[in-house]
Each structure stands twice: as structure tokens, then as C-alpha cells.
Amino acid sequence: MTDSVTIRRPDDWHLHFRDGDVMRGVVPYTARQFARAIVMPNLTPPITTAAMAADYRDRILAAMPDGVDFEPLMVCYLTDDTDADDLVCGAEEGVFTAAKLYPANATTNSAHGVTNVRGIYPVLERMQEAGVVFCVHGEVTTPDIDVFDREAEFIERYLRDIVANFPDLKVVFEHITTRDAVEFVLESGPNVGATITPQHLHINRNAMLVGGMQPHNYCLPVAKREEHRLELRKAATSGNPKFFLGTDSAPHFRGDKESSCGCAGIFGAPYALESYLTVFDEEDAIEQFEGFASLHGPAFYGLPVNEHKVTLERMRVEVPDELALAGSTIVPWHGGQSIGWKFVG
Ligand code: DOR
Ligand code: ZN
């Protein structure tokens, strides 16, 4: 039995840092385990220009603990009015790594998102030319579509057409939750990849709804049926370079989740690698862990792999019920449970 796993230092290809005191509280958890992260731009107001992204990056770097080497990779929040010149210029200057499509009202702080996906095709054209990665929250938002079908429907309504029209655009289908998404990524060319969160590998929709409503298992896209979870586990542990790590760590205060209108999002950062490695261990695929966590993402984004290494050891770790943060509390992913791996640095 493998009791110690050492891999190149990983990156988190999708997370939310927020801003202000919350950002200062959450950044150290990610910087402890990861070398870089794709930082989502759904702040209020959203990060829509290169100048805003450069300022936000400075605030994140100022929050880094002393001596910690961590690189935030910034993302432009696409709107119906995105200025393609500013986006491409920002990418050329090294501010933007990617741009993110939030369909309007799909999730937290997406009210300024795109109302007409085909309306941003001229921007996608420029991104394709300039080599800017396109990150997609792939859910339709029309009320006629059941919340459990929103991802599959997005593929048929929009994603197939985008991939057909922009064959050289690098597309990351973010936080995929369905067999449909796995199949779409597998049948697409090498420019289409996907991130997978730890929660979608661990839980199905029962974890949200059985035995009382479980707000700490609620995120968007929502977890689906067990058959979908099993497909995600197969994809993540397969060694296929199209699939890579993205926690979608999305901190919300405990009170904002345990509320009559609970926020979507799971704070995965504190025990992220332990959570993923548990899945690879259960699937008897520890040898594929480094690819998923540390190699496939940089290859897709065209960035170098990290030189330093990290180690995890087989050991029971109790995950606290909650963490004190920014004068309040946040429940971490696996809060109140024990987990079989320990990150030792
Ligand atoms: O669960 C989620 N939380 N999904 C998202 O897409 C956004 C995120 C957030 O920002 O809280
Ligand atoms: Zn997200």
C-alpha cells in the first residue's frame, strides 16, 4: 500500500478568493498547497477590465503570507459589452490569463453576465487569435429547464456551436458535473478541457437533500445523480490530459449558507489535495494523481509545470467543523469529518 505521495506542486485552475477581509483570510489556505490559481472574477463589481484585474492581483499579492511564493492568474468577466481590445491588450501585458463566461444569473454575482452567448462571438474571435483561454460556466438559465438538466442543455444550445465555430479557441468547461459533459469533452479536440471539483467526485445529489437539507453540500452546478459522479471519477482518474484540478473553492459565511436563501458554494481550499487524493486512492489510481493535479492544467494553459514538490501521507486527519475567518465562521469542505490523507508540505 502506498503511504506517501510526492508530486510536483499543483495548481488550482478554478477558485474564488473574493476581496477584502475574506480574501485575506482565504488566500493562505490556497497558497499553502498550490503554486498558482485561476482566480474567478465574480466580485461586486465584477473584474471586467485589465486595470481592475491588475489592482485585484496586487491586493491578492499583498495578502500573501511572508515568504510564500504564489501566483494568482487573473480572469476577465465577460459581459455583453466586453471591450475586446482591452481584453487582448491585458492578455498581451500578462494581466489576463483567461476570460470567463457566466451566463447572466447562472450563479453567485453573475447578474452582469452574458445575456446573449452568440453576441460575444466577436470577442471569442479575438481571444482565439490572441490565445486567451475561454473558461465557461456551462449552464443554461432559462426557467423552462430543470436545474439538474442545465449543464447538458448548455452543451446542446451553445457549447457545440462555440467549439465548431472557434476550433483554435482553448475552452475549459468548468466544474463539470455530468456524463454528458465528460462525453462532450472526450469527443472534442485537444483544445477542449474540463476542471473537476472535489465535491463532484465525492457526493451525488442525495448528499444535498436526504436526511434534511444540507446547505454545505450545495454548490452550482448542483451535484447530480450517482451515475454522473461515477463518470466524473472515471474521467478524473483516467490519466486523460483533458481533465484537471479546479476546486471551485467558493467561501460563504456559515450564516449565509444556513439561511432561507442559502448561497451556492463550497469552501474547498483548506483540505483540497487531501480530498482529491482520497478519490484517487479509492479508485486505485494514485499513479494518475500528479497528472490531474500538477501536469494537465499547465499543459492545457501552455504554462510551465512547477518545480517544487509537495507530499501527502496516509494518516487520519480530523477536519474542523468550522474555521474562524474575517470575524465570522466558514464551514470547510469535509467539515466535521475525518479524512485519510495529510498534507505535509
Ligand atoms: O457554487 C458556486 N459558487 N458556483 C459558482 O459558479 C459560483 C460560486 C461562488 O462564487 O460562490
Ligand atoms: Zn466557480
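## Terms and model

A polar contact is a pair of N or O atoms within 3.5 Å; within protein, one atom must be able to donate a hydrogen and the other to accept it. The model described here is predicted.

## A histidine pair

The side chains of His175 and His137 make such a polar contact, at 3.4 Å. His175 belongs to a loop. That loop runs between β7 (171-173) and α6 (179-187).

Is His175 buried or exposed? Its relative accessibility is 2%. The cut-off for buried is under 20%, so His175 counts as buried.

## The shell around ligand 1

Ligand 1 is surrounded by 13 residues. The closest are Arg18, Asn42, Thr107, Leu220 and His252. Sorted by class, the shell holds seven polar, four nonpolar and two charged residues.

The space that ligand 1 takes is the largest cavity.

## Contacts to ligand oxygen

Which residues place an N or O atom beside an oxygen atom of ligand 1? Leu220 uses a backbone N or O atom, 2.8 Å from a ligand oxygen. Thr108 brings a polar side-chain atom, with a distance of 3.1 Å to an oxygen atom of ligand 1.

How much of ligand 1 does the protein cover? On its own, ligand 1 has 290 Å² of accessible area, and the protein covers 99% of that.

Conventions: Residues are numbered from 1 along each chain as its sequence is written. Chains are lettered from A and ligands numbered from 1 in the order in which they are written. This is a predicted model: local features need pLDDT of at least 70, side-chain atom pairs count only at pLDDT 80 or more; totals for chains, interfaces and linings use all residues. Side-chain values use heavy atoms; hydrogens and water are left out. A residue is near a molecule or strand if one of its heavy atoms lies within 4 Å of it. Accessible areas come from the Shrake-Rupley method with a 1.4 Å probe; for residues, only the protein chains shown count as cover. On a 1 Å grid over the protein atoms alone, a cavity is a set of points where a 1.4 Å probe fits but cannot get out, and a pocket is an open set with protein on both sides within 12 Å along at least five of seven lines; lining residues have an atom within 4 Å of a point. A molecule sits in a cavity or pocket if more than half of its atoms lie within 2 Å of its grid points. Ala, Val, Leu, Ile, Met, Phe, Trp, Tyr, Cys and Pro count as nonpolar, Asp, Glu, Lys and Arg as charged, and the others, Gly among them, as polar. Helices (H or I, at least four residues) and strands (E, at least two) are DSSP runs, numbered from the N terminus. Buried means under 20% relative accessible area, exposed over 50%, partly exposed in between (1.4 Å probe, protein chains only).
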